[in-house]
Amino acid sequence: MSAFRLDAPAGLWIERTRPVNFTFNGRPLSGYRGDTLASALLANGVRIVGRSFKLHRPRGILACGVEEASGLVDVGTGGRYTPNVRVTLVPLAQGLAARSVNCWPSVGFDVGALSGAFAALLPAGFYYKTFKWPSWGWFEPAIRRMAGMGRAPTVPDADTYEEVATRADVLVVGGGITGLTAAVAAARAGAATVLVASGARLGGGLAWRDNSDVRELASAAHAAGVRILSRTVAFGIYDHNLVAACETVQADGDPGPGAPALRERLWRIRARAVIAATGAFERPLVFPDNDRPGVMLAGAAEKYARAFGVACGRRVVLAAGCDSAYTVAAGLRAAGVRVEALIDTRAASPASEAARDLEVVTEARIAAIAGARGVRGCTVQSARGRALSIECDGVLNTGGYAPAVHLHSQAGGRLRWLEEESMFVPDGAAPGLTSVGACAGAFARAAAVSHASEVGEALARGRVAPPAPLGGVGRCGPDAQGGAAGGARGKRFIDLQNDVSADDVALAVRENYRSVEHLKRYTTTGMGTDQGKTSSVNALALLGAYSGRSPEEVGTTRFRPPFVPVTLGAVAGRRVAALYRPLKRLPAEAWHVARGALLENFGDWCRPAAYPQPGESLEAAAQREARAVRASAGLFDGSPLGKLEIFGPDAAHFLDLMYVGPMSTLATGQARYGVLLNENGTLADDGIVARLGPEHFWVNTTSAGIERTAAAFEEWLQCEYPHFRVLVTPVTSRWANVTVAGPRAWEWLAGAGFDPALSPAATQHMTLHDSALGGVPLRVLRVSFSGELGYEVNLPADEATGLLARLWAQAGAVGGVLYGVEALQVLRVEKGFIHIGTDTDGTTLPGDVGLARGIERKAANFVGRRSLTRPASRDPDRLQLVGLTPLDGRTVLPVGAQIAGRAPPATIEGRVTSSFMSPELGRPVALALLARGAQRLGEELNVYHLRREIKACVVRLPFVDPQGRRVHG
Amino acid sequence: MMLLNCPWCGARDEWEFVCGGTSHIARPALTASDAAWGEYLFFRDNPKGLHRERWRHAHGCGQWFNVVRHTVTHQVVSVYAMGEAQPAAGKAPT
């Protein structure tokens with residue numbers, strides 16, 4: 001197929017009989033089933049995959065796994081589009097469309113690359129130092145456009161995500177040989193064991209080498225009952241051993257039109273003990289122009305050859321600071337890749353001596369790379385001063401290993417530095433988490449496997465795990481400064497994704513950045529999607545070298561979740577669209593919709609705002625409905641009203657402690673309006689309290705306040721008054737509320753067959769009556785939020801539609817209408833009734849809204865009472881509730897408009913809180929909070945809204961029926 | 001996310017609970033001074049170490065209970081019911 005595809009047996013994982021077509025930047029290409037996007041691009045000879053973040057230098061693929069720093073693409077189209085993914089993790093799928101990030105207009109010719117020509121002008125902290133005047137915000141849009149990493153999707157995700165919670169005695173993270181061994185040992189010792197493995201195949205690094213042991217272990221794991229979750233990346237460990245992992249369910253590209261596919265599954269695994277077996281990353285060498293396409297990690301190149309049958313170059317040079325390069329060289333040659341030379345930074349060693357058939361140059365470094373758009377050759381500088389030029393199309397390098405200590409560090413584990421191996425390893429176990437294998441610093445296979453087995457069994461039995469057998473990788477190094485020799489030209493990169501070079505670290509040190517945390521933020525090294533997996537150790541080794549400290553003294557930055565980027569879809573799971581915030585719905589919703597209800601969301605509830613006639617606006621409908629309620633009668637669904645039943649011998653005493661007004665003095669069948677405060681004295685909620693019996697009360701709260709009121713009652717009962725014999729039972733969804741209000745309300749009810757004992761002549765305002773209609777039990781409250789004769793009929797929720805229909809059949813006889821929340825608001829403002837949270841705020845005391853009457857006569861130390869006597873509570877300048885009406889008699893005052901002596905900026909004296917045109921009065925009415933409002937009756941004020949001035953007058957409340965005669969019918 | 005041991009329902013994830021802040025704060029009488037009342041309303045210790053606090057199993061049994069928790073490690077040292085005697089002030093294992 002291409003010159004970069006190697007012959008079998010190289011290519012263990014690909015199926016050469018099953019070609020797969022895909023596109024890269026619109027160009028049609030082809031690979032095999034089993035390829036990743038990275039291996040397919042390399043097989044096609046694609047070297048430049050994208051442009052770098054800051055300098056827009058051409059970049060290729062660096063690695064073969066999760067640590068990939070520069071091979072970033074946007075994948076997919078429309079609703080199946082993911083920006084900024086690493087090419088190494090994308091399984092090749094038929095029709096897959098990938099695009100480079102960070103290039104405009106194209107990856108081959110990039111305007112931003114001009115910034116590369118001015119690289120000397122873009123050192124660490126360049127933005128912080130330069131774009132200060134007039135403000136960063138002035139430059140930000142242009143810089144962000146230049147610096148973007150991928151493009152955000154523009155349409156909603158077409159697929160679905162889900163979340164699963166499970167638990168384990170022992171959770172093993174990592175499907176390599178030590179992870180499998182630990183899991184088998186734990187399961188055999190009787191522990192419920194779960195193993196998560198990031199790849200589709202078990203075996204880790206052995207999966208593409210000699211995998212006979214892996215097959216054996218995998219079947220042992222199945223036999224022992226280990227639950228294995230493959231293609232699942234554990235990205236974070238949180239409090240009390242909660243491990244979060246993301247499983248790729250639908251990875252194979254576009255599943256085609258039709259039902260959405262389940263793409264990812266988020267696992268929340270609570271484990272008694274966690275074993276990390278996450279392996280190690282290769283650490284690159286640092287040398288001039290080490291970011292050129294064709295410069296890759298050595299181990300990655302071997303994996304591309306063995307697993308995918310792809311040569312990362314036809315003639316390669318290996319540059320090494322550790323022994324593993326010799327194994328890589330042998331592997332590559334066996335697969336058919338020509339290794340021109342192996343450049344070892346170290347002195348001659350047994351490994352170099354043994355490699356007799358290989359051109360080995362010891363104590364040497366890569367001094368230069370030829371080829372800006374792809375490696376064409378390199379210059380080798382040896383300690384003996386000999387310079388050597390080698391033609392090659394790939395420079396594969398490795399400086400040693402960086403154990404993947406991320407989970408250990410997240411769990412609060414400490415690290416220590418091994419000088420010989422040049423790596424940070426866990427300093428013992430972390431709380432709840434023990435590391436095994438390479439991530440523990442145990443590289444000798446036999447010792448690591450036997451340690452893993454001991455750890456698995458010990459943790460399964462609740463015993464302390466033995467310490468890890470460190471070492472086995474040989475001497476690495478000497479240090480990360482490889483190529484720092486003076487006079488070298490070309491940038492020596494540490495962090496390819498963020499374009500951070502050794503010079504940037506040197507500059508930071510010159511500017512006295514000492515802490516590695518500061519270095520990270522100043523230079524941006526270790527940020528981005530790879531989070532420094534290949535760069536962090538080199539960065540802090542350089543920081544140490546430039547500031548005369550060892551890496552141990554410098555320390556590492558704290559590792560934080562997530563270990564890999566996690567899609568927002570996986571985090572959101574099913575909590576999207578209608579399930580993001582499920583609405584509460586009326587039991588009779590369908591009936592209202594059939595009558596033309598315009599449903600809107602009010603807090604948690606979806607309910608009728610009004611019932612507009614054809615061509616009628618919401619506002620006009622509300623005016624018509626409110627007018628009809630005052631003229632004849634209206635029918636309103638008040639089911640969302642909060643409802644509690646309070647039982648027990650201490651119920652009356654308890655309510656006295658909760659409410660500002662006395663409730664124990666209510667006789668059975670009586671109702672009273674009450675307000676609830678918090679301990680700070682401010683209004684929390686209000687509503688009707690009625691007595692059903694000596695030890696039984698009916699409590700209404702606002703629709704929005706029921707949850708917090710019920711919770712507050714419970715908290716007081718359980719935490720402050722545990723000796724009280726009181727039960728609080730929320731019954732909001734059990735009882736529907738059908739309200740009939742207006743001068744002809746009783747006529748309407750009587751016509752529908754209600755008991756004549758409920759007539760206005762036979763009952764009083766503010767009373768509660770047990771009744772029944774057609775065998776349905778009713779609790780009928782004679783109360784009013786409109787100022788008109790009102791009946792609130794509470795009945796079992798599933799009877800609501802029946803009663804509404806029964807009443808509606810009689811509406812014509814009394815000229816009755818349906819009215820919604822908007823008309824209700826108009827009616828209550830005409831009456832000067834407040835709505836908590838609208839006409840009050842977090843500072844409003846009961847006295848500010850005229851609800852402090854009778855407190856002095858009350859004995860109980862009710863909630864918030866003491867706060868009402870603080871000096872601030874008695875301040876005469878407090879905001880107080882007033883009525884406002886515009887002097888012109890026409891202009892509806894905007895809600896939120898400010899009251900001030902002159903046009904703002906000026907001292908604000910108050911604000912409009914509720915405002916409507918009054919259909920009853922034919923002029924606008926408003927409620928407002930106004931400083932010293934109670935003493936300013938008749939005063940003319942200026943109301944300001946968006947630079948408009950409206951003259952208004954403070955008037956007495958209520959606007960309608962000041963004598964309150966209408967409630968009696 | 002912490003794992004809290006509700007005395008009535010057993011170990012459950014933190015998101016089933018709400019935290020009500022410091023436990024064992026005595027509510028002053030109506031005759032308390034402004035200073036004492038202000039202390040009760042607004043002033044709380046913010047210890048680095050063990051903290052007695054109350055939690056409600058809001059998405060479960062609805063019951064309040066007390067927890068002694070280390071504010072740095074989030075280790076829960078003990079759980080006890082409302083009205084139960086406070087366990088002796090212990091030290092969190094480090």
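**A helix pair and a chain contact**

In this predicted model, helix α7 of chain A, residues 298-308, packs against helix α8 of chain A, residues 324-335, at an angle of about 25 degrees, and their axes lie 9 Å apart. Angles under 35 degrees count as roughly parallel, so α7(A) is roughly parallel to α8(A). As for handedness, α7(A) passes α8(A) in a left-handed crossing.

Which residues make this contact? From α7(A) come A:Ala298, A:Gly299, A:Ala301, A:Glu302, A:Ala305 and A:Arg306. From α8(A) come A:Ser324, A:Ala325, A:Val328, A:Gly331, A:Leu332 and A:Ala335. By class, the residues of the contact between α7(A) and α8(A) comprise seven nonpolar, three polar and two charged.

I turn now to the contact between the chains. Here, 17 residues of chain A are in contact with 18 residues of chain B. Which helix gives the most to the side of chain A that touches chain B? That is helix α20 of chain A, residues 706-720, with five residues. The side of chain A that touches chain B divides into nine charged, four polar and four nonpolar residues.

Finally, a word on confidence. Where pLDDT is low, the predicted coordinates should not be read in detail. For chain B, the mean pLDDT is 92, and 94% of its residues reach 70 or more. The model as a whole scores ipTM 0.96 and pTM 0.90.

Notes:
Residues are numbered from 1 along each chain as its sequence is written. Chains are lettered from A and ligands numbered from 1 in the order in which they are written. This is a predicted model: local features need pLDDT of at least 70, side-chain atom pairs count only at pLDDT 80 or more; totals for chains, interfaces and linings use all residues. Axes are lines fitted to C-alpha atoms, for helices over the stretch in contact, and angles run from 0 to 180 degrees between N-to-C directions. Helices (H or I, at least four residues) and strands (E, at least two) are DSSP runs, numbered from the N terminus. Angles under 35 degrees count as roughly parallel, over 145 as roughly antiparallel, 65 to 115 as roughly perpendicular and the rest as oblique. A crossing is left-handed if the near helix is turned anticlockwise from the far one by less than a right angle, and right-handed if clockwise. Two residues are in contact if their C-beta atoms, placed from the backbone, lie within 7 Å. Ala, Val, Leu, Ile, Met, Phe, Trp, Tyr, Cys and Pro count as nonpolar, Asp, Glu, Lys and Arg as charged, and the others, Gly among them, as polar. pLDDT is the predictor's confidence in each residue, from 0 to 100.
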